[in-house]
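The exercises that follow ask you to read contacts from a model, and each is worked through step by step.

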Amino acid sequence: MHDAKMKSSDSKAIDYRIALVGNPNVGKSVLFGLLTGKYVTVSNYPGTTVEVSRGMYVGSNETVEVVDTPGANSLISHSEDERVARDILLRDEEKKIIQIIDAKNIHRGLLITTQLAEMGLPVSISLNMWDETLDRGMTIDTDKLQKTLGVTLTKTIATQKYGINTLRNSVNSAKIPKIAIYYGEAIEEGIKRIEALLPDNLTVKERAVAIMLLSYDEDLEETLKFDKQLISRIHKVRDEVQKQFGHSLSYIIIRKRSDHVDNLLKGIVSYRGKEEKAGAISRNAFFFFIMPLVSFFIGFKVMDLLMFVIANYVAASGQTTLILKLAGGGVSVGFYSFYLFSREYKSGRKVTSILGTLTMHPFLAWPILLVVLWGIYKIVGEFGAGDCVDFIENKIFGSSLVMSGGFDFKVFIPFTKIEYVFTHVNFQGINYYLGLFCQKFMSADNIIFELFLGKEAGIIQVGVTYSIAIILPIVGFFFISFGLMEDSGYLPRLAVMLNRFFKILGLNGKAVLPMVLGLGCDTMATLTTRILDTKKERIIATLLLALAVPCSAQLGVIAGILGSVSGMHLAIYFLVIFSQMLLVGYISSKVLKGTGSDFLMEMPPFRRPKLTNILLKTYYRTKWFLKEAVPLFVIGTFILFILTKLGILTYIESAARPVVQHFLGLPVETTKGFILGFLRRDYAVVSIFKALEEKAGGLSIDPNQLIVALVVITLFVPCLANFFVMIKERGAKTAFFMLAFIIPFSFLVGGVLRYILQWLSI
Amino acid sequence: MADEIQIEEMLEYIWMLEEDHGKVESTLVDDKFGNEIAKKYLNEMAEKKLISFSNSRIVFTDNGKNRAKLIIRRHRIAERLLNDVLEMTGDEFEAGACQFEHFVNEEIIASICTLLGHPAVCPHGKKIPPGECCTSARRKLGPVINPLSIIKPGEKVKVVYVTTKSHASLDRLSAIGVIPGLELTIHQKRPSIIIQYGETQLALDKDIAENIFVRAV
């Protein structure tokens with residue numbers, strides 16, 4: 001998508017560029033969308049923009065390109081994001097800067113302004129999130145600040161398109177901010193000496209580069225392609241200046257800047273005192289009606305899930321369970337209400353900020369998390385992966401040889417059995433009609449027919465059908481729930497809650513984004529491991545995603561099958577997978593070289609998510625995903641087809657027989673399921689389940705066999721699409737190494753589990 | 001005045017010899033300061049009843065011992081200050097501590113001692129003789145400066161200094177605004193530490209919080 005646009009913009013001569021610069025999570029991407037009319041993923045999670053987006057400026061006679069940069073707290077690079085942002089500013093181009101500042105965090109924003117001023121770049125400032133600033137009872141004397149800085153300040157609310165036109169107009173009058181910081185004699189001396197050493201071809205002011213070099217930005221030396229001699233001379237100056245201070249120079253420079261900004265803001269920012277109070281009615285409704293109801297449901301649901309797990313072991317009658325669940329609800333109302341009324345009722349805080357605190361509360365947040373996960377499972381696993389997939393796969397696409405039988409077009413009233421059938425739709429499935437059409441020219445056992453419409457590995461019958469019938473509903477619904485979590489600010493709070501857990505795995509709370517996304521689709525999640533700070537963390541995250549995080553397609557089917565057997569077995573399944581994730585994560589964090597990073601994350605405010613943004617985001621993500629995944633599924637199916645035709649599949653089956661039969665104690669027929677797992681994880685589950693069912697004949701399946709099979713298939717190879725992305729992101733060597741570890745490991749765990757279950761005689 | 005400093009230096013040295021060997025041979029003092037100077041000042045010290053001689057050994061009088069104790073205490077507290085708070089190293093740090101001990105008074109040392117949380121040993125691992133502030137502190141006050149990681153939720157504190165092993169973490173913190181002088185509130189400690197300042201809520205690891213030193217406000 002980006003490539004195509006880039007080409008078209010390169011063909012025209014660009015008059016100048018506008019770079020959007022700002023701290024993380026201040027709304028750069030939203031503004032980018034508004035200025036260019038081009039969509040980039042917008043989210044309430046810091047660090048989402050990793051790749052740089054470029055687009056053409058709308059509404060100007062000149063040809064102007066807009067560049068969206070990743071959020072940076074400083075233009076001295078500490079992370080990938082900041083490096084990318086800085087490099088854009090250093091590039092040799094005619095450019096103007098729109099700096100976006102989260103007005104309520106103006107101090108931090110102006111720290112970047114000081115650096116832009118030192119670089120000598122023309123800036124226009126957008127004071128974004130003006131509404132939230134007002135809500136917090138903050139006032140900023142923009143006129144006065146404007147005069148001091150000599151730069152236009154525009155109040156904006158990007159999500160409501162407020163102030164955008166003014167901001168557009170202000171770009172023309174962008175000026176270099178009038179900020180000059182004196183860093184003290186010793187450092188100024190050092191700056192002069194380094195300036196003298198610098199080459200003439202710099203794109204920004206020498207002073208800025210000198211200060212960055214004094215701040216230990218060694219990556220910059222690489223970017224500017226300094227030779228060794230120059231670098232050593234610069235280091236000599238730096239070390240001499242450093243000797244005069246107890247703290248690192250970078251720290252002293254930032255403190256000087258910060259003091260300067262403090263002085264700038266004196267008499268400009270003031271507080272009216274209390275924050276704006278939320279409307280009395282909605283506030284009281286929240287405390288007296290909504291929260292009791294919600295907390296009752298939380299308690300009820302937690303008890304419900306608990307009862308489900310231990311159902312087989314407690315001979316409780318329906319009435320006792322109901323009473324227990326109601327009691328759970330009651331207790332939960334008690335706890336939450338006590339907290340809310342004792343701590344929050346009189347505080348006058350906004351409902352969203354109360355929720356923001358509640359969702360990361362040391363105790364009360366956990367039941368909420370459980371219910372959120374359950375909700376996502378209901379939407380994605382049951383409705384998306386169950387009902388919707390069934391319908392699209394069986395009814396819309398159908399089979400090339402068998403009629404689907406059509407479906408009823410009907411309405412029904414939820415929670416009742418009343419339904420009204422309008423008409424029976426006599427549609428037999430796209431594949432059936434395609435099959436019918438092809439059979440005009442060839443017989444169903446023709447190789448061409450099998451290549452495209454064969455039941456085993458036909459490119460259309462299997463590849464295209466699966467990718468669309470599965471991806472559309474599951475991934476679509478998952479992206480909606482994920483978008484909700486992202487935009488409300490729940491995801492970063494989840495990072496806070498799970499940080500300690502991720503620390504054991506050698507990761508930190510930041511990894512929550514790829515891991516949760518992995519529950520939707522491991523392929524996409526593997527791509528987002530880029531947001532992690534170090535290489536080691538990215539490798540661990542990729543490995544764990546491939547090994548232990550079941551994607552929603554798989555999870556839906558597994559939960560469905562195991563849930564119908566017994567809640568206890570479902571719990572064992574989760575326990576095993578979870579423990580393997582812990583084990584492998586822990587070991588790889590010890591074994592792998594490199595360093596992890598510290599958890600340091602800003603909590604964005606809890607916000608009411610905007611439905612349009614979520615839908616738009618879901619649309620773009622799904623579209624992007626289809627584009628990426630469909631070809632991979634087609635290729636995968638083709639490989640499978642060749643394997644089947646050449647008889648290699650049967651060979652692998654017989655080779656794997658001893659392991660499957662003797663070590664795992666499973667019927668040989670399940671082997672095919674494991675091989676299919678490489679193509680589609682959920683299909684493998686179904687295939688294994690069917691094999692076990694056939695083997696059992698009329699009897700019920702041995703649940704232990706089922707667990708062993710499902711654990712192996714979960715840990716077993718990632719799907720082909722995921723594997724390709726692993727190669728792309730981590731390199732072929734690492735990816736194959738991971739595969740070589742995962743396959744034997746999953747069988748080992750399965751075998752050990754089999755014997756443990758036998759021994760415990762569960 | 002110069003005499004006083006010289007005497008203090010010698011008292012300090014004698015203390016250290018006694019600490020290490022349990023006894024002080026006067027020849028060791030001669031070796032360190034030179035025969036002439038040692039003779040001159042040791043006699044002066046004996047006159048002032050700070051030390052006495054028994055055979056070839058030097059012994060502190062009670063008076064001398066108390067004086068030496070105060071000097072040692074000043075020196076080692078200074079070392080802690082320069083090393084931990086000002087992060088000086090090497091020669092600079094030793095020289096600084098040596099100058100420091102001669103011109104600060106007991107009151108200032110007591111404040112610094114309290115500020116640092118009444119340290120018991122110097123950076124070299126030697127004992128710091130406890131002062132009055134240390135013994136009374138055990139009864140009344142806790143240390144004034146604490147790592148952020150032990151502050152209770154809801155408390156408002158001011159950042160005094162940040163010690164982070166790697167420059168990168170220090171810079172990341174300072175770029176987000178966590179620098180000395182910042183007033184912040186501990187929002188919560190579990191499951192992760194969250195601090196609030198201005199309109200910013202920041203979640204951080206315990207490892208980082210242990211390196212941020214704060215004072216209650």
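**Exercise 1: a strand pair across two chains**

Find the residue of E7(B) that stands opposite Met603(A), and describe how the two strands run.

Solution. Met603(A) stands opposite Gln201(B), which lies in E7(B). Next, strand E11 of chain A (residues 600–603) is joined to E7(B) by 4 bridges, and the two run antiparallel; strands pair if DSSP finds at least two bridges between them. Helices (H or I, at least four residues) and strands (E, at least two) are DSSP runs, numbered from the N terminus.

This is a predicted model, in which local features need pLDDT of at least 70 and side-chain atom pairs count only at pLDDT 80 or more, while totals for chains, interfaces and linings use all residues. Residues are numbered from 1 along each chain as its sequence is written, and chains are lettered from A and ligands numbered from 1 in the order in which they are written.

**Exercise 2: the side of chain B that touches chain A**

State how many residues are in contact, and which element of chain B gives the most.

Solution. Begin with the count: 29 residues of chain B are in contact with 31 residues of chain A, where contact requires C-beta atoms, placed from the backbone, to lie within 7 Å. Helix H8 (167–176), strand E7 (200–204) and helix H9 (206–209) of chain B each supply at least two residues of this side, and H8(B) gives the most, with 9 residues.

Terms used:
Contact = placed C-beta atoms within 7 Å.
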